[in-house]
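Here's a quick briefing to go with the model you're about to look at. Keep the picture open while you read.

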Amino acid sequence: IRDRVSTQSTGFFPSSRVARNMVQRVTYRRRHGYNNRSNKYKLVKTPGGRLSMQYLTKKAKGVRCGNPGCGTVLIGIPHLRPYEYKHLAKPKKTVTRAYGGNLCGKCVRERIVRAFLIEEYKLVNRALKRLKK
């Protein structure tokens with residue numbers, strides 16, 4: 001965190017406004033000292049008046065439909081980080097449907113209709129072949 005310095009101070013001593021805006025510096029508590037996505041934190045003032053930092057976890061995007069070109073967020077499955085799914089019960093990770101937890105309902109419906117139409121097409125072709133004989 002950078003110190004905020006006001007440009008309004010005139011003279012040798014900084015104005016009271018500048019002194020009020022000075023921010024206490026904090027150091028990272030973990031290994032890497034870089035301001036990247038995995039190193040985000042929140043400043044919390046302790047009861048002793050000290051500034052302490054709490055690390056923030058990344059926001060989870062949620063499970064997406066596995067059908068190429070779809071990618072919609074699956075409804076009914078909680079948005080968690082990958083490691084947190086490990087501790088979740090199986091019914092909370094899936095939806096009770098064919099391809100539940102992998103494909104959205106719209107894509108499952110398309111697959112079922114496509115399979116049905118292909119079977120119908122095969123039956124019609126067989127019937128036409130019989131009629132030709």
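This is a predicted model: local features need pLDDT of at least 70, side-chain atom pairs count only at pLDDT 80 or more; totals for chains, interfaces and linings use all residues.

Residues are numbered from 1 along each chain as its sequence is written, and side-chain values use heavy atoms, with hydrogens and water left out.

- Helices (H or I, at least four residues) and strands (E, at least two) are DSSP runs, numbered from the N terminus.
- β1 and β2 pair in the antiparallel sense over five bridges; strands count as paired if DSSP finds at least two bridges between them.
- Across the pairing, V44 stands opposite S52 in β2.
- In a regular strand the side chains alternate between the two faces of the sheet.
- Buried means under 20% relative accessible area, exposed means over 50%, and partly exposed is in between (1.4 Å probe, protein chains only).

**N39 in its loop**
- You'll find N39 in the loop between α1 (16–21) and β1 (41–45).
- N39 counts as buried because its relative accessible area is 5%.
- Its side chain has a polar atom 2.7 Å from the backbone oxygen of H32, and the N39 side chain also reaches the backbone oxygen of Y34 at 2.9 Å.
- Leaving out residues up to four places away in sequence, N39 touches Y28, H32, G33, Y34 and Y55 (contact means heavy atoms within 4.5 Å).

**Rings**
- Searching the whole structure turns up one aromatic pair.
- Y28 and Y41 have ring centres 5.7 Å apart and planes at 80°, so the pair is edge-to-face (centres within 6.5 Å; planes under 30 degrees apart are stacked, over 60 edge-to-face, the rest tilted).
- This pair links distant parts of the chain, with Y28 in the loop between α1 and β1 and Y41 in strand β1, 13 residues apart.
- The charged end of R30 sits over the ring of Y55, 4.0 Å from its centre (NZ of Lys or CZ of Arg within 6 Å of the ring centre and within 35 degrees of the ring normal).

**The core**
- The largest nonpolar core has eight residues: C65, L74, I77, Y85, L103, C104, C107 and V108. Such a core is a set of buried Ala, Val, Leu, Ile, Met, Phe, Trp, Tyr and Cys residues joined through side-chain atoms within 4.5 Å.

Technical notes: A polar contact is a pair of N or O atoms within 3.5 Å; within protein, one must be able to donate a hydrogen and the other to accept it, and residues adjacent in sequence count only if both atoms are side-chain atoms. Rings of Phe, Tyr and Trp (its six-membered ring) pair if their centres lie within 6.5 Å; planes under 30 degrees apart count as stacked, over 60 as edge-to-face and the rest as tilted.
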